Amino acid sequence: MASALLEGILHAGIAAAAGIVITDKIPAAATDLAKKTGATAKGTNEEVAAEADALVLCVKPGDVPAALREAGDLSGKLLISIAAGVPLRRLREWAVGKPRLIRVMPNTPALIGKGAAAYAAGDGAASEDLALADQIFGAVGTVAHVKEELLDAVTGLSGSGPAFVYTVIEALADGGVLMGLPRDIALKLAAQTVLGSAAMVLETGLHPAQLRDQVTSPGGTTIAGLEALEEAGLRSALIGAVRAATERSGELGAAG
């Protein structure tokens, strides 16, 4: 994710490579990324923090306390965290000094520039800080500003959502195979169908129900398929999946 964000920043012209410093707990990873992008690799978080006005914390949740301790005094700096499930109160507790805080929940399609992210601002975050978060995460997809209590719902929807969609794609492809299509063709058709349908929602601005009606002829094949989906409870299953993932995110955040 850090690599995707860095490449998005450079591609969008948010910052020049010469003004970006990076580090990684695996030094070779930072060195390789620096060679690829033109950024400067440093050996420690403290070295990066000393040179940066804004920092993006891209570590596993369990590594956050140690990373922040190593970074040293962050007073006057902006700290943007994408550590899943780590609330602003914990970031404030673990950070040395008083940085301005933003917590972000991105998702894995950001790796190909098609992400969906939402962020919540901590006390002290200025409008310029929010604009920077919009720029960074907007460079790798779409981004929304929400209250922190809604980030669990964001996690349940767009954070976990790709796994739900992959399951739908796999199931559609399995249906094609059941009906005689070769596996590779079925999978390609299923994935492109989901991609194209999502693009129709975003690009036309029409409600999904309106778009669905456009391909649902009276007595036709689509309505027969929709009846099967309703009987199987697909709609309620997906709603339940978002609910379960949201509740689990809340549990993990409370335990953190």
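Helices in these notes are DSSP runs of H or I with at least four residues, numbered from the N terminus. On that basis I placed L181 in the loop between helix 8 (161–178) and helix 9 (183–204). I note at the outset that the model is predicted.

**Entry 1: surface patch.** I looked up the surroundings of L181 and found a nonpolar surface patch that L181 forms with I185 and L189. Together these residues have about 250 Å² of accessible area. I recorded L181 as partly exposed, because its relative accessible area is 37%.

**Entry 2: nonpolar cores.** I then turned to the largest nonpolar core, which has 21 residues. Within this core, I22, I80, I102, V104 and F137 touch the most other members. I listed the elements that supply two or more residues: helix 1 (2–12), helix 2 (27–37), strand 4 (78–81), strand 5 (100–105), strand 6 (115–121) and helix 6 (127–138). Helix 6 contributes the most, with 4 residues. For V104 I noted contacts with I80, S81, I82, A117, A118, Y119 and F137, leaving aside residues up to four places away in sequence. Another core, of 18 residues, lies apart from the largest one and includes L57, A83, V86 and A95.

**Entry 3: helix 4.** Which residues of helix 4 (residues 64–71) are buried? I found V64, P65, A67, L68 and A71. They lie on the same side of helix 4, because they cover an arc of only 165 degrees around the axis. Among the elements covering these buried residues I recorded helix 3 (45–51), strand 3 (54–57), strand 4 and helix 5 (88–94). After helix 4 comes G72, for which I noted a positive phi, near 80 degrees.

Notes:
Residues numbered from 1 in each chain as written. Predicted model: local features only at pLDDT ≥ 70, side-chain atom pairs only at ≥ 80, totals over all residues. Heavy atoms only, no water. Core = buried A, V, L, I, M, F, W, Y, C linked by side-chain atoms within 4.5 Å. Buried < 20%, exposed > 50% of the residue type's maximum accessible area, 1.4 Å probe, protein only. Contact = heavy atoms within 4.5 Å. Patch = residues over 30% accessible without salt bridge, like charges linked within 9 Å, V, L, I, M, F, W, Y side chains within 5 Å. Areas by Shrake-Rupley, 256 points an atom, 1.4 Å probe, with all protein chains shown as cover. Salt bridge = Lys/Arg side-chain N within 4 Å of Asp/Glu carboxyl O. Arc of directions from axis to C-beta.
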